[in-house]
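This report goes through one protein model, from its overall dimensions to single side-chain pairs. The sequence and coordinates come next.

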Amino acid sequence: MTTEIYRDAWGIPHLRAGSARELARAQGRVTALDRAWQLEVERHRSQGTSASFLGTSALDWDVFARRARLDDTARRCFAALERRDPETADWVRAYVDGVNEGLAEGARRGPEFAGTGLAPGRWRPWTPLGVWLGTHILFAGFPAKLWREQVARHLGSDAVVLFAADGPGSSGSNGWLVSGERTVTGQAVIAGDPHRFIEDPGVYQQIRLACPEFDVVGLAVPGVPGIAHFGHAGTVAWAITNAMADYQDLYRERLRRTGAGVEALGPDGTWRRAARHPETVEVAGETPAEIEVIETERGPVIAGGPEGLDGADPYSDAVPTALALRHPPRVTEDLGFSALLPLLRARAVADVDRALDGWAEPVNVVQAADTEGGLLHRVAGRVPVRAEANRTRLVPAWVPGHEWTGWYETPRAGLTDGIAVMANQRGPATPLGTEFAPPHRADRIRALLDERRTWSAADMPAIHMDTHLGSAAPLLDHLAALDDLTPEAARLRDRLLAWNRRMDADSADAAVFAAVRGAVVRRLAAHPAFAALTEVPAYPEVLLPWLALVPRVGFALEHLLSAEELHGIDRPATARAALEEVAAGRPTGTWADTHRLAPWRALSEEPYAPYSPSGEPGLSGDHDCVLSTSAVPGLTDLAARGPAARYVWDLARREDSRWVVPFGACGVPGSPHHRDQLPLWLGGELAPVVTDWDRLERDTDV
């Protein structure tokens with residue numbers, strides 16, 4: 001069968017081939033044509049070579065990628081895949097072949113290549129695994145352990161819980177499964193939206209993959225074959241959210257130099273040779289950076305070295321320390337890619353379930369349903385069994401008891417009254433994690449679904465777009481208790497107490513609430529009780545967002561305002577001062593005036609990325625709304641994170657399913673399909689999933 005590539009009205013590629021291997025090749029090729037710049041940026045990021053054309057802004061990431069050994073881990077995982085599962089390895093190779101076929105033409109379409117002088121390179125068989133690693137290495141938020149260490153050392157262990165929240169560097173999602181007993185068709189509906197940093201081009205690629213073995217529509221990760229996270233195969237559909245599991249450890253290492261190299265002190269009291277070698281990181285327009293890559297028996301050293309962190313140990317140990325990262329793919333040489341082909345071939349929930357038994361990273365909560373009434377709600381991924389201390393803080397490599405001793409069996413859950421909701425809250429994954437998202441999104445979705453007995457696929461976008469802010473209560477309660485206010489502040493307080501607690505784009509009250517909230521956050525962060533938390537150790541720049549005090553206070557504000565006592569801070573006085581500050585400024589405008597989309601782009605200068613936050617649209621929603629367009633209270637109202645896609649999978653009729661991404665199917669600036677879905681995304685509308693080949697247009701350029 002000849003490989004055929006079609007497009008729908010939104011430019012979404014629909015691929016048809018005679019075999020899974022030919023289809024993978026076509027997927028790689030069409031992705032290179034549509035998103036060559038994105039693919040090459042991700043390849044270089046996985047290799048730690050992006051500063052060679054992006055300049056100093058990318059250097060910190062490249063150093064981290066080199067020291068964390070992302071590319072080497074990808075190579076090892078692919079070599080192991082070839083031994084364990086040669087069919088999948090060959091399928092990945094076919095995808096890479098397609099990427100290499102399409103890159104040159106795709107690069108000619110993208111102005112970024114000429115602007116930076118970057119020539120398209122060559123993908124290697126393990127590159128998709130490296131892209132997957134680079135995308136997810138920070139996904140589980142291991143740097144949060146650095147923050148907990150800071151809080152415990154300066155404020156005591158009991159203070160750590162005060163700051164527990166879905167942190168600024170983590171990613172989450174909404175997802176809900178409505179069984180046939182609660183739908184108008186008698187068949188299940190799955191809906192949701194993954195929350196990630198919004199990127200242009202987007203982190204998800206709408207695509208259809210069809211061959212004699214399967215016909216799947218879904219959201220792919222550009223640079224990775226198949227459809228891992230969100231797919232509809234006709235008789236079965238699946239979706240995921242971040243389980244918020246903890247499966248990455250940070251070890252404090254004691255290192256010393258010897259005439260032969262570097263040694264690390266192990267838990268048995270023996271110094272053992274650590275692997276080490278130098279590397280050079282090229283930087284466009286600058287002197288190359290020389291770094292030392294070290295790996296102990298625990299894992300790669302991502303911070304510090306024999307001389308400590310920037311020559312000084314922040315914890316005043318007699319022996320300088322470094323930090324080593326241990327995570328499952330480096331230990332097992334398995335990224336879970338053997339699940340990808342079985343997922344595409346799935347016909348029923350049992351097939352999805354079996355496929356996900358081999359899933360590795362990231363650890364997800366999965367929901368699935370099939371046309372025979374099968375339902376699935378489980379956790380998938382690998383979480384090591386080890387001491388409780390490993391899961392919460394940094395642990396000393398030279399002390400026994402912090403080894404990995406096995407793997408947890410991933411939990412399963414059921415439905416309640418025909419419904420299951422996953423929104424990063426405590427649920428089936430609770431035994432595997434430390435911090436979870438507040439329950440507001442999950443509780444709100446459940447409450448909305450319980451408002452009526454039956455639902456249709458067409459009803460779901462209203463839930464996607466719900467803007468009720470469940471976390472507003474503690475601050476409003478503090479404001480309600482205030483007295484002796486100036487007349488201006490009293491009027492503002494009364495206005496907020498009458499507010500409907502919806503973070504709508506056109507709401508002036510939402511803007512006032514956000515302003516008062518931001519002022520409270522800044523005042524709390526500036527209090528002397530937290531002064532020690534502003535002194536950040538010399539960790540790599542890429543880890544510092546997890547250690548920034550203002551965002552930490554902003555995302556933990558609900559806990560900080562509700563705690564029985566807060567280190568002597570007078571919270572009513574803080575709330576009063578914040579309210580008076582905002583009232584004195586005579587606030588005007590709406591939430592959308594400051595709450596604007598702020599997507600990440602590898603290039604931020606004209607003419608390659610001509611969109612700036614001031615020119616991007618204003619948004620409804622907020623961090624703890626179902627419509628989770630995350631501002632960072634106290635720091636910025638701009639939304640860098642939000643729904644990276646929305647989907648509704650209808651098991652009754654796949655053609656009644658819907659989907660949308662923030663921008664469009666094509667990553668080429670100026671393309672008709674670069675930003676054509678943005679109006680839909682903003683308005684809560686979804687594009688139809690087209691399944692009739694006769695309604696598609698043959699792509700003559702491929």
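The sections below cover the fold, the nonpolar cores, the salt bridges, one histidine and the cysteines.

## Basis

The model is predicted: local features need pLDDT of at least 70, side-chain atom pairs count only at pLDDT 80 or more, and totals for chains, interfaces and linings use all residues. Residues are numbered from 1 along each chain as its sequence is written, and side-chain values use heavy atoms, with hydrogens and water left out.

## Overall fold

The protein has 22 helices and 26 strands; these are DSSP runs numbered from the N terminus, helices being H or I of at least four residues and strands E of at least two. Along the principal axes, its C-alpha atoms fill a box of roughly 80 × 70 × 50 Å.

Of the 702 residues, 62% count as buried (under 20% relative accessible area; exposed is over 50%, partly exposed in between; 1.4 Å probe, protein chains only). A contact means heavy atoms within 4.5 Å. Among contacts between residues at least 6 apart in sequence, 70% join residues at least 24 apart.

## Nonpolar cores

A nonpolar core is a set of buried Ala, Val, Leu, Ile, Met, Phe, Trp, Tyr and Cys residues joined through side-chain atoms within 4.5 Å. The largest has 134 residues, of which Trp 37, Trp 176, Phe 337, Val 352, Leu 449, Met 460 and Trp 649 touch the most other members. Helix 1 gives the most to this core, with 10 residues. A second, separate core of 73 residues includes Val 160, Leu 325, Leu 485 and Ala 514.

Leaving out residues up to four places away in sequence, Met 460 touches Trp 176, Val 178, Val 189, Ala 191, Trp 455 and Val 648.

## Salt bridges

The structure holds 61 salt bridges, each a side-chain nitrogen of Lys or Arg within 4 Å of a carboxyl oxygen of Asp or Glu. One of them joins Arg 43 and Glu 40 at 2.8 Å, N to O. These residues are three apart in helix 1 (residues 20-47), which means about one helical turn separates them. Both Arg 43 and Glu 40 are buried.

Arg 69 and Glu 295 pair at 3.2 Å, N to O. This pair spans 226 residues, from the loop between helix 3 (59-68) and helix 4 (70-84) to strand 12 (residues 289-295).

Asp 215 and Arg 654 form another bridge, at 3.3 Å, N to O. Asp 215 lies in strand 6 (residues 214-220) and Arg 654 in the loop between strand 23 (646-650) and strand 24 (658-660), 439 residues apart. Asp 215 is partly exposed at 22% relative accessibility, whereas Arg 654 is buried at 11%.

## His 229

His 229 sits in the loop between strand 6 and strand 7 (230-232) and is buried, with a relative accessible area of 1%. Its side chain makes a polar contact with that of Tyr 204 at 3.0 Å. A polar contact is a pair of N or O atoms within 3.5 Å; within protein, one must be able to donate a hydrogen and the other to accept it, and residues adjacent in sequence count only if both atoms are side-chain atoms. Beyond four places away in sequence, the residues that His 229 touches include Trp 132, His 136, Trp 238 and Asn 364.

## Cysteines

With a disulfide defined as a pair of cysteine sulfur atoms within 2.5 Å, the count is zero. Cys 625 is buried at 0% relative accessible area, and Cys 666 is buried at 12%.
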